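Have the viewer open and follow along.

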Amino acid sequence: MIKLMVVDDEHWIREGLKRTIDWSSHGIQFIGDAEDGCKALELIEAHVPEIIISDIKMPTMDGMDLMEEIKKRGIDTKVIFISGFSDFAYAQKAVKLGAFDYILKPVEEPILLEIIERCISEIRQKQELNSRLQELSGRIRESLPLARQKHLEMCLTRSLTEREMQSAWEALHINLDPKRLIVMAMVVHEWGDREMDESGCSLMRYALGNLVEEILSQKGIRCLACPLQGNDFADIALIASLSEPDTSFGVEDLYRYMDGVIEDALQVLGVRISIGISGLRERTQLASSFREALTISMNYLVHGPGQVHTAPMDGSSAGHGSKPRPAEQLDYRMAACMGQLAADVLLTDHKADSLDSALSNRILHAMKLKDAGRLSELLDVQTGLLQELIKQTPAIAVRYEMNMHISILLSKWQELLQAKDHSKASTITHQHKLQLYRCSIGDWKAMIMDTFLIKDTHAPSIAHKRTIETALRYIHDNYHLGISLHNVAEKIYMNPSYFSRVFHEEVGETLSRYLIRIRIAKAKELLEQTPLKVYEVADRVGYRDFRHFVKTFKEWEGMTPAQYRNYGA
């Protein structure tokens with residue numbers, strides 16, 4: 001069981017926490033309580049609790065001093081502070097310095113238990129990771145790829161010594177230059193036409209990682225991909241090794257190749273991504289590089305998806321793409337398990353304007369009433385406030401708060417639907433939730449409207465029919481340009497996810513399949529009527545990748561383009 005203790009100078013609070021909560025039903029052993037930090041240390045040394053609930057202000061030794069002493073003694077425990085309103089800023093500072101979380105007095109049992117559950121989840125994930133790593137170390141020859149990935153995840157989330165990394169890299173055959181490493185954080189904004197569950201999204205991350213490894217390998221760049229399952233901010237981490245003598249030349253090449261990766265991901269896999277790229281560092285600084293890449297990738301909030309964002313080349317501006325916000329403005333609490341990166345964010349007072357509970361309640365009320373006009377007005381206001389907030393606050397901090405806001409909306413919306421027994425409208429898919437958590441500020445309004453309002457409408461409108469007619473004309477006029485779902489949606493001013501659904505309802509097939517049908521039909525015509533080479537035909541019908549064209553043609557027609565020209569016409 002998880003061991004827990006309480007430290008507070010007020011006896012009634014200690015007794016209340018001890019007696020009013022059935023700790024054992026939550027898998028917790030209550031090991032005792034103490035009235036100040038000094039007495040608490042005796043219990044901590046004797047029992048080593050995994051969780052400590054502590055007041056901040058206490059006589060003799062207060063909560064902050066207690067936490068510092070715990071750190072000095074190397075005791076691995078998580079501290080949850082309880083604080084009065086007057087101590088709120090103090091509590092925030094404590095969390096920034098390493099506390100797990102804080103809760104205001106008077107302590108409300110549901111809120112405390114929610115924090116406790118998160119704490120337990122993190123503890124168990126760490127225990128599970130350590131257990132799995134120990135198991136993997138004994139089966140390293142049998143599970144080398146998995147062991148390699150797990151170790152790289154550790155490199156990205158924890159500070160390891162050169163000695164630790166050298167022995168592991170040799171054993172795991174990690175053939176990357178330890179002196180010249182770049183980390184990239186990849187964010188998936190759109191997952192294509194087909195609806196995917198959590199398992200499907202997980203497989204797509206692996207496919208995307210493999211695609212990048214293959215593309216960069218062809219360019220002479222060694223790269224290893226780490227899919228991030230359940231990460232709050234990104235979907236894949238990539239570690240690339242540059243071996244060219246001229247650092248500047250090698251880095252610029254990588255930037256150019258990653259622009260191509262974004263295009264290939266859209267054309268080959270149907271996913272739209274953004275990429276944040278760190279500066280060049282040694283392997284002992286991989287965790288710092290990952291934090292930097294993650295921070296830089298968040299510039300999609302301002303600039304939209306489908307771009308590469310890079311670290312400054314000279315310390316003054318970005319070497320490629322948009323200029324990142326300074327990484328040092330944000331502190332991180334890195335968990336041992338990849339996918340549980342969380343940001344301890346201290347936003348400016350402007351947060352109260354853009355994401356405060358009053359505005360959220362008005363937005364939720366408009367959703368309940370299905371008042372599209374009012375909801376649109378409120379989201380316009382919120383979008384404007386977010387745009388102002390991000391000018392003064394690191395983008396990743398704004399993303400963190402936006403995600404918290406989305407989680408609250410999803411929870412409230414689900415409660416509302418359950419109360420109405422409205423089962424048909426209650427399904428918000430895993431894929432759609434991911435797109436909410438990855439949307440830019442520019443897409444914020446459309447995504448919220450799509451998820452919580454338009455989702456309830458079933459009958460196709462005349463406006464939809466006209467919109468699809470416009471889209472079809474655009475597709476027939478531009479299919480040869482390699483257009484995608486996002487291009488068409490952008491042309492008709494619709495959210496790509498929502499447009500994909502409307503297109504399928506109106507036309508009877510997905511847009512990607514419709515595009516393939518048009519392109520293959522035109523390709524057959526060119527193969528029959530012109531002497532153009534197959535790669536020229538591919539280019540004429542919008543396929544940038546010749547191999548992808550041949551593969552698609554064969555899947556569609558049952559033979560290759562060359563065979564069709566010779567036998568199939």
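Lys 522 comes out as partly exposed, with a relative accessibility of 25%. Keep in mind that this is a predicted model. The partner to look for is Glu 525: the two form a salt bridge, and their closest N and O atoms sit 3.2 Å apart. Both residues belong to helix α21, which covers residues 511-529, and they are three residues apart, or about one turn of the helix. Glu 525 is also partly exposed, at 34% relative accessibility.

Now hop over to Arg 73, whose side chain meets that of Glu 69 in a salt bridge, 2.9 Å from N to O. Arg 73 has a relative accessible area of 39%, so it counts as partly exposed. Glu 69 is partly exposed as well, at 21%; buried would need a value under 20%.

Arg 547 pairs with Asp 545, and here the N to O distance is 3.9 Å. With 52% relative accessibility, Arg 547 counts as exposed, since the cut-off for that class is over 50%.

Asp 8, Glu 10, Asp 55 and Lys 105 are linked in a network of salt bridges. The structure holds 29 salt bridges.

Zoom out, and you have a chain with 24 helices and 12 strands. Of its 569 residues, 52% are buried. Among contacts with a separation of 6 or more, 69% join residues 24 or more positions apart.

How values were computed. Residues numbered from 1 in each chain as written. Predicted model: local features only at pLDDT ≥ 70, side-chain atom pairs only at ≥ 80, totals over all residues. Heavy atoms only, no water. Helix = DSSP H or I, 4+ residues; strand = E, 2+ residues; numbered from the N terminus. Buried < 20%, exposed > 50% of the residue type's maximum accessible area, 1.4 Å probe, protein only. Contact = heavy atoms within 4.5 Å. Salt bridge = Lys/Arg side-chain N within 4 Å of Asp/Glu carboxyl O.
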